[in-house]
Amino acid sequence: EPLYFQGDEAEEVYFILKGRIKMVTEEGYIFRTFVEGSYCGDFEIFDVPSIRQISAICTEDTEVRAIKREDLFKLFEEYPPEEGEFKRLVEERKKKNIQAIDVAKKAG
């Protein structure tokens, strides 16, 4: 079951309470799977416009909790140092995803 599709507006970050979510490129390459205790949907949250660059598909019975982009930004207003740390983590995760996509494409 899809959580979101490439091209959707990035309005939420999802925290995975149960299950698995695979990240899929436009070409259909699965390059990462997130599991219980992790989160997804953060890669485009700071982009303008904030459009999903990949699709997220639940691969089994999955339960998530979401935080809306606007609520996340309100939290960052209250706790500015956390915004910088979260942005740093997002950029680090983006780089890892680019590498994982390259590996998936080469594996074909």
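This is a predicted model: local features need pLDDT of at least 70, side-chain atom pairs count only at pLDDT 80 or more; totals for chains, interfaces and linings use all residues.
Stop 1: Start by selecting residues 80-107, which make up helix H2. Its 28 residues reach 41 Å from the first C-alpha to the last, close to the 40 Å expected at 1.5 Å a residue. Then move on to glycine 108, which follows H2 and has a positive phi, near 65°.

**Stop 2: the buried residues.** Now show the side chains of Phe86, Val90, Arg93, Asn97, Ala100, Ile101 and Ala104, the buried residues of H2. What do they pack against? Color strand S4 (30-35), strand S5 (39-40) and helix H1 (69-78), and you have their partners.

**Stop 3: a bridge within the helix.** Next, pick arginine 88 and glutamate 85, which form a salt bridge with closest N and O atoms 2.7 Å apart. Both lie in H2, three residues apart, about one turn of the helix.

Stop 4: Select lysine 94 and aspartate 47, whose closest N and O atoms are 3.3 Å apart in another salt bridge. Lysine 94 is in H2, while aspartate 47 sits in the loop between S5 and strand S6 (55-58), 47 residues apart.

Stop 5: Finally, find glutamate 12 and lysine 68, a salt bridge with its closest N and O atoms 3.4 Å apart. Glutamate 12 belongs to strand S2 and lysine 68 to strand S7, so this pair ties together parts that are 56 residues apart in sequence.

Key. Residues are numbered from 1 along each chain as its sequence is written. Side-chain values use heavy atoms; hydrogens and water are left out. Helices (H or I, at least four residues) and strands (E, at least two) are DSSP runs, numbered from the N terminus. The expected span of a helix is 1.5 Å times one less than its number of residues. Buried means under 20% relative accessible area, exposed over 50%, partly exposed in between (1.4 Å probe, protein chains only). Contact means heavy atoms within 4.5 Å. A salt bridge is a side-chain nitrogen of Lys or Arg within 4 Å of a carboxyl oxygen of Asp or Glu.
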